[in-house]
Amino acid sequence: MTTRSLTITAAAIASGILLFTGCTSTDAQQPIATSTTQPSSMATFTPPDQPDVSDDQELVDEPPAAEQSKADAITAATAIMTAFARPDLPEAEWWNGMLPLLSQEGAAAYEGTLPETIPVTAVRGDATVLEGATDVITLVEVPTDSGPYVITLTRSDASQPWLAERIRPKQG
């Protein structure tokens, strides 16, 4: 091969490579464009505390609450409702009795509650764990002199005490 044919062959190969990769000599001087659209095959971001669920995937539920867990929930809900149903107490005393029984979310929700506005004054009967209870979250219905209340109880695991996240009159 002659020098001229080697030069032509090398130039042809280089041009082919540049064409194949989509580069040209002017591309090197241009800024790289970024796409503002997301390919349809790319998954969207799901926050870590949210389950990633697609159409063909089911959520894995917590197993049902053990009998001891339910019994502990009934005891906790009754104690919580008894402490809550004290509208005759001064605010600071009422709050000091409630605070150890509330989750962080419950404490934030009930901060500033005026006890004198609470219509409940007594628990009237046995509490009942509602359907769907697990060992980390459950709803307990507590009968009171102002009608039934539902208490949402939570805990991080079965070894922790039940704490109230929400205390509300039963709907309808």
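**Charges, burial and contacts: a chat**

Trainee: Where does serine 103 lie in this predicted model?

Mentor: Serine 103 sits in the loop between helix H3 (91-98) and helix H4 (104-110).

Trainee: Why is serine 103 called buried?

Mentor: Its relative accessibility is 6%. Buried means under 20%, so serine 103 counts as buried.

Trainee: And what does serine 103 touch?

Mentor: Skipping residues up to four places away in sequence, serine 103 touches Thr154, Leu163, Ala164 and Glu165.

Trainee: Now the charges. How many salt bridges does the structure hold?

Mentor: Two. Let's take them in turn.

Trainee: What makes glutamate 67 and lysine 70 a salt bridge?

Mentor: Their side chains meet at 3.7 Å, N to O. The cut-off is within 4 Å, so the glutamate 67 and lysine 70 pair counts. Both residues lie in helix H2 (residues 67-84), three residues apart, which is about one turn of the helix.

Trainee: Why is glutamate 67 called exposed, but lysine 70 partly exposed?

Mentor: Set each value against the limits. Glutamate 67 has a relative accessible area of 60%, and exposed means over 50%.

Trainee: What is lysine 170 called, buried, exposed or partly exposed?

Mentor: Partly exposed, because its relative accessible area is 42%, which falls between the 20% and 50% limits.

Trainee: What about arginine 155, why does it have no salt bridge?

Mentor: The nearest side chain of opposite charge, aspartate 135, is 4.4 Å away.

Trainee: Which backbone oxygens lie by polar atoms of the arginine 155 side chain?

Mentor: The one of aspartate 135 lies 2.7 Å from such an atom, and the one of glutamine 160 lies 3.0 Å from one. Polar contacts must be within 3.5 Å, so both distances pass.

Trainee: What else is arginine 155 in contact with?

Mentor: Leaving aside neighbours within four places in sequence, its contacts include Ser69, Val136, Pro161 and Trp162.

Technical notes. Residues numbered from 1 in each chain as written. Predicted model: local features only at pLDDT ≥ 70, side-chain atom pairs only at ≥ 80, totals over all residues. Heavy atoms only, no water. Helix = DSSP H or I, 4+ residues; strand = E, 2+ residues; numbered from the N terminus. Buried < 20%, exposed > 50% of the residue type's maximum accessible area, 1.4 Å probe, protein only. Contact = heavy atoms within 4.5 Å. Lys, Arg positive; Asp, Glu negative; His and termini not counted. Polar contact = N/O pair within 3.5 Å; in protein donor to acceptor, adjacent residues only side chain to side chain.
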